[in-house]
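Please prepare a short report on the fold and the local contacts of the structure shown here.

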Amino acid sequence: MTDVREQFRPEDHPHDHFLLTTVVGSYPKPKWTDRVRDIHDGEIDCDASFDEDHWQEAADDAARLITQEHERSGLDVIVDGEMRRTEMVEYFAHRIDGYELNGPVKVWGHNYFDKPSITDTVEYDEPWLVDEFEFTDAVADRPVKVPITGPYTLTNWAFNETDRTDEALATDVAALVNEEIEQLVSAGARYIQIDEPALATTPNDHTIVGECLEVIADGIPADVRLGLHVCYGDYSRIYPEILEYPVHEYDLELANGDYEQLSVFTEHEFTKDLALGVVDAHTASVEPVSQIKANIEKGLEVVPPERLTISPDCGLKLLPRDVAYGKMENMVKAAREVEAELDAGTIDVPARAMQADD
């Protein structure tokens, strides 16, 4: 596939080497955001008038605030922290014809999501994320990435109450995702991330995901960077088969498992870009720069620096906001220090040596 990474290098980047820094997507919301949403949804009684315009103003304020927070941390590619979204399946289920919401289901700890059923033919009615992207892109001074929950997760984490097979239903949803990406590209988006956390948790379904991604990528311009985010599972179930997927980048959670699964990706040459999780989204403490640098060097065992993206393991929304910001800030500092050391030739790149041997 075409190399589309260099378009995200800042013009004033201080080093010859470039480790692209970004985030997966979600981020802690300002504490007032959920309360305002509850007032808007009628969950909290409010004597004052509070209509859709009030909610949109609040959502704009939150999105602007977090976009600026991401930029202040130094990230090369930002998102708005998904300030307008609820949960990664529920949010889209509200917007896809054919889905029905059933009520909250406990997923872990004290966290719930409104698990949907698919009861009818799924159809694309109106854009899901275009307004979100256009607003963020207008207030951002840096490139904006758009995360979208993938069709396999959107069907696997819902009840199938149709006469379609799960595989056929996922393909149907993939066509809708393709249509949404076309709308986003028309609006100017150049970096799309498909989130498939269900992928590595279910054996033998990498073929279904691959077929869905073929549908998703169909007709998307070559200069649009497509990434796939996968977490919470056994990567040996899906690797190296996933290298055949029509995406540029694989975003993988490895820090939380102390890189125990890193060897999965060194047994067979990693031929695409790697977005490596270098800070743990599950720990409410900020990793020091020195530790993050060591984690980044783990990535250089898999791919050379020109194919390495630096990212948290997963979305940061369950962390205290100051911790989430500290992780991003230290992550960027670590990446820039590693770049300088790569420029100076003081860091080994095992992946490059492996490729030379091949």
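The report below goes from the sheet to selected residues, aromatic groups and backbone features.

## Basis of the description

The model is predicted, so that local features need pLDDT of at least 70 and side-chain atom pairs count only at pLDDT 80 or more, while totals for chains, interfaces and linings use all residues. Residues are numbered from 1 along each chain as its sequence is written, and side-chain values use heavy atoms, with hydrogens and water left out.

## The sheet

An open sheet is formed by 7 strands in the order β1-β10-β9-β8-β7-β6-β4, with parallel pairing; helices (H or I, at least four residues) and strands (E, at least two) are DSSP runs numbered from the N terminus, and two strands pair if DSSP finds at least two bridges between them. The edge strands, each of which pairs on one side only, are β1 (20-21) and β4 (146-149).

E249 in β8 is the bridge partner of G227, whereas L252 stands opposite L276 in β9. In a regular strand the side chains alternate between the two faces of the sheet. In β8, E249 and D251 point one way and Y250 and L252 the other, and all are buried, where buried means under 20% relative accessible area, exposed over 50%, and partly exposed in between (1.4 Å probe, protein chains only).

Helix α6 (residues 166-186) lies across β4 and β6 (191-195) and runs at about 165° to β4. For this angle, axes are lines fitted to C-alpha atoms, for helices over the stretch in contact, and angles run from 0 to 180 degrees between N-to-C directions; contact itself means heavy atoms within 4.5 Å.

## Two buried loop residues

D76 lies in the loop between α2 (52-73) and α3 (90-93), and is buried with a relative accessible area of 2%. Its side chain makes a polar contact with the side chain of R336 (3.3 Å); such a contact is a pair of N or O atoms within 3.5 Å, and within protein one must be able to donate a hydrogen and the other to accept it, residues adjacent in sequence counting only if both atoms are side-chain atoms. Not counting residues up to four places away in sequence, D76 touches F8, P10, F18, L19, L20, T21, R142, P143 and R336.

A140, found in the loop between α4 (130-139) and β4, is likewise buried, with a relative accessible area of 12%. Leaving aside neighbours within four places in sequence, A140 is in contact with T67, E71 and I78.

## Aromatic rings and charges

The whole structure contains 9 aromatic pairs, counted for rings of Phe, Tyr and Trp (its six-membered ring) whose centres lie within 6.5 Å, with planes under 30 degrees apart taken as stacked, over 60 as edge-to-face and the rest as tilted. F8 and Y191 form a tilted pair, 5.0 Å centre to centre with 40° between the planes. Because F8 lies in the segment before β1 and Y191 in strand β6, this pair ties together parts that are 183 residues apart in sequence. Both F8 and Y191 are buried.

Two charged residues also lie over the face of Y191: K145 at 5.3 Å from the ring centre, and R225 at 5.6 Å from the ring centre. A charge sits over a ring if NZ of Lys or CZ of Arg is within 6 Å of the ring centre and within 35 degrees of the ring normal.

Another tilted pair is that of Y124 and W128, at 5.6 Å centre to centre and 45° between the planes. Y124 is buried at a relative accessible area of 14%, and W128 is buried at 4%. One aromatic cluster is formed by Y235, Y239, Y250, F265 and F270.

## Backbone features

Y239 of that cluster is joined to P240 by a cis peptide bond, with omega about 15°, and P240 is found in the loop between β7 and β8.

E82, although not a glycine, has a positive phi of about 60°; this residue lies in the loop between α2 and α3 and counts as buried at 13% relative accessibility. Y259 has a positive phi near 60°, is placed in the loop between β8 and β9, and is buried with a relative accessible area of 7%.
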